[in-house]
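The sequence and the model come before the discussion.

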Amino acid sequence: MNQDEIISMMKEAGFYFGKDDEFMPEWEIFAALVAAHEREACVEVCKNIYNETAPWNYDKGAVKCGLAIIARGEK
């Protein structure tokens, strides 16, 4: 994520900005930490699915992994 994407998401979420849309570096750090945590969780989901499907069906495992990541966003 770049700074513009972070600002856009923060505005969508209703974050208050100072005058002239002043951006606080702490928010960028927070966004990076949240993104890193979610990536790590997705990796764990995919590792578990890989262990269930490997080495017999990689295509099925890839599809299951993608669906599991999508499902994480629906919780």
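Helices, taken here as DSSP runs of H or I with at least four residues, and strands, taken as runs of E with at least two, are numbered from the N terminus. On that basis the chain, which is a predicted model, has three helices and zero strands, and reading along the sequence gives the pattern α-α-α.

Of the 75 residues in the chain, 21% count as buried. The accessible surface of the chain amounts to about 6,000 Å², and carbon and sulfur atoms account for 58% of that area. Where contacts between residues at least 6 apart in sequence are considered, 25% of them join residues at least 24 apart.

**Packing of H1 and H2**

Two packed helices are described by the angle between their axes and the distance between the axes. Helix H1 (residues 3–13) packs with H2 at an angle of about 90°, and their axes lie 10 Å apart. Because angles from 65 to 115 degrees count as roughly perpendicular, H1 is roughly perpendicular to H2. In this contact, Gln3, Ile6 and Met10 of H1 meet Trp27, Glu28 and Ala31 of H2. The residues of the contact of H1 with H2 comprise four nonpolar, one polar and one charged.

Side chains of opposite charge can pair when their charged atoms come close. The count for this model comes to one salt bridge, formed by Lys47 with Glu44, whose closest N and O atoms are 3.6 Å apart. Since the criterion requires a side-chain nitrogen of Lys or Arg within 4 Å of a carboxyl oxygen of Asp or Glu, the pair of Lys47 and Glu44 at 3.6 Å qualifies. Both Lys47 and Glu44 lie in helix H2 (residues 25–53), three residues apart, which is about one turn of the helix.

**Accessibility of selected residues**

| Residue | Relative accessibility | Class |
|---|---|---|
| Lys47 | 45% | partly exposed |
| Glu44 | 42% | partly exposed |
| Gly66 | 30% | partly exposed |

Because buried means under 20% relative accessible area and exposed means over 50%, Gly66, with a relative accessible area of 30%, is partly exposed. Gly66 and Cys42 are 24 residues apart along the chain, and their C-alpha atoms are separated by 9.3 Å.

How values were computed. Residues are numbered from 1 along each chain as its sequence is written. This is a predicted model: local features need pLDDT of at least 70, side-chain atom pairs count only at pLDDT 80 or more; totals for chains, interfaces and linings use all residues. Side-chain values use heavy atoms; hydrogens and water are left out. Buried means under 20% relative accessible area, exposed over 50%, partly exposed in between (1.4 Å probe, protein chains only). Contact means heavy atoms within 4.5 Å. Accessible areas come from the Shrake-Rupley method with a 1.4 Å probe; for residues, only the protein chains shown count as cover. Axes are lines fitted to C-alpha atoms, for helices over the stretch in contact, and angles run from 0 to 180 degrees between N-to-C directions. Angles under 35 degrees count as roughly parallel, over 145 as roughly antiparallel, 65 to 115 as roughly perpendicular and the rest as oblique. Ala, Val, Leu, Ile, Met, Phe, Trp, Tyr, Cys and Pro count as nonpolar, Asp, Glu, Lys and Arg as charged, and the others, Gly among them, as polar.
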